[in-house]
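Visitor: Please take me through one part of this model in detail. I would like a close look at a single chain and the place where its partner touches it.

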Amino acid sequence: MNHIQETIYYSSLLVSLKVSVVATLINLPIATLLAWLSIRRRVRLRMLIEIIGIIPLALPPVTIGFLLLIVLGRNSIIGSFLHDIFGVDLIFTWWATALAAAVVSYPLVYKAISIGFAGVDSRLELAARTLGADTFRTFFVVTIPLAYKGVLAGIIGGFVRALSEFGATSVVGGNIAGETQTLPIAIYSSVLSGDNSAAVILSLISGVLAVVTLLIHNWMSKKIEDKNGF
Amino acid sequence: MDFNIYKKYDSGFVLNVNEIIGDGITAVFGTSGSGKTTLLNCIAGIVNPDRGKINIGDQILYSDHPKVILPIHQRRIGYVSQEVTLFPQMNVLENIYFGHNLIPQRERKILPEYVINFLEIEPLLGKQISSLSGGEKQKVALARVLSISPDFLLLDEALASIDQKSSGKIITNLKRIWSEFKIPMMYVSHSISEVLAIADHVLILHEGRFVNSVSSKDLFLDTDLISSDYWFGFENIKSAKVVSQINSDQIVEIEIGGVVFNVSGEQILLNDQVNVAVGSNEIILSKIQTFDTSVQNIIRGEIVSISEFESFALVCVKAGENFLSRISLAAARNLELNVGEEIFMMIKSNSIKVLNG
């Protein structure tokens, strides 16, 4: 193993972690809010929320990447706005990679949190309201703790999906080592360049990362379960 | 509290009620679908009426003109439902303090420590909700609502989800809550036994309207205000004091309204205040006092009312307190009972169930 290879393993691991964490952080508040609106508030736009929650699953990731390229490119409204006002070009940055990973993993986060909310007895939320808690406090003190299994599954599921994302991220982020080259993209590069041993090591790193993430999920579930008693 | 509520549902059901609720415990008795829960939900703010007004003293909870809708969390109404809604992710102590911690310091008239002591639930404080019995859960639910210093208590079938043995303490506690904290209560139930055991006043709700408003005492005398179906399984639930230790025959003496009754095999202590239940069909009536019988309680009383239904008669006998006896129509005819007559109630000692679980 030479120094360049070591650097690629290390940098692609870091990029993958950074991209996945940011993707999860983007998804969490959006998916939580939309899942709550859909399950608890029965809003008129419920069907639209449901469609948004499922469509990234139905589209090929490359298509999602392509659409993001159009939406965020310098010729688009958003892209030109960001470029002209802030001097920022998102395409081929790790932010674009994170955004692409967020879009692709969003359905998993949304669905798991929705199931978590649907499992919360609404009478407990009403009880909290009658005891003096406003909607905001009820949500954070009663709903979220009771829906923790769904929320945790959403966080972990979304994170793992973001880790493994290749199609959309490679389209909007490209393959820039240390910037947008995630583990799956680094594996693809290694395979293309015939460096099978590097591909194997990178695959092993991906596998270990997935297992560690699942172990963390189980540990956290157990901790909360022990505390809550359910 | 006074309210004037009109609420119409898509199903066609209309709740249209108008009442002033006084102090003490008021029961709303009604069949399934009569609108009891809708009424409670309107008062608590869970459902908004189509029109009307709801006030507690000077505070307007709801008014259609001028439009006022006080949010649920600002109403300060303690709501205890049939299905106990304790938060499972919190222990007993955290549940009790949940609402108390949300109200301003100056409005905390009732302290949780006092309530915990009052309801004797200190041993439960560190426990998880899932480890509590039905009766314990209901006590904790009461402690939790009392700790928000409520202006009014709504109790929706509060005894329905607990076993009869445990219900006695809850009944006692509800009465003690009124005498101790002076919080008016509305107790909603389809069990006339519970209603007469708990409430001072009864509102009879039928198809969304109050059809009668009577005192509990009057309902004993005027039983045909309610359909016979609801009297069929009626139990006389009475507050009693234990006046003797258990004797060698495993009999304990209890006193109800100044009259002593024998109860068999109950582990209760001298001077305990307990609630007891006697099924109306367990009270046998006799015009003559007979001693050659295995029955341990032969109580002299006076017939104060007789109501005949399609398949049975209900006889109200005053013996210290009023007791309802359900007898067959044939028995009522054969005995030729008349109001004002002397009558003997015969009750087996094991037909008196002590509710102190």
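Guide: Chain B holds 9 helices and 21 strands. Helices (H or I, at least four residues) and strands (E, at least two) are DSSP runs, numbered from the N terminus. The radius of gyration of chain B, taken over C-alpha atoms, is 22 Å, close to the 21 Å that the globule rule gives for 357 residues, so chain B is as compact as a globular protein of that length. That rule is 2.2 Å times the number of residues to the power 0.38. Along its principal axes, the C-alpha trace of chain B spans about 70 × 45 × 30 Å.

This is a predicted model: local features need pLDDT of at least 70, side-chain atom pairs count only at pLDDT 80 or more, and totals for chains, interfaces and linings use all residues. Residues are numbered from 1 along each chain as its sequence is written, while chains are lettered from A and ligands numbered from 1 in the order in which they are written.

pLDDT is the predictor's confidence in each residue, from 0 to 100. Its mean for chain B is 92, and 100% of the residues reach 70 or more. Within chain B, confidence is lowest in helix H5 (residues 164-181), at a mean of 83. It is highest in helix H2 (residues 92-100), at 97.

Now the partner. 16 residues of chain A are in contact with 20 residues of chain B; contact means C-beta atoms, placed from the backbone, within 7 Å. From chain A, helix H6 (122-130) and helix H7 (135-146) each supply at least two residues of the touching side. H6(A) gives the largest share, 6 residues. For the complex, the predictor gives an ipTM of 0.83 and a pTM of 0.83.

Note on methods:
Two residues are in contact if their C-beta atoms, placed from the backbone, lie within 7 Å.
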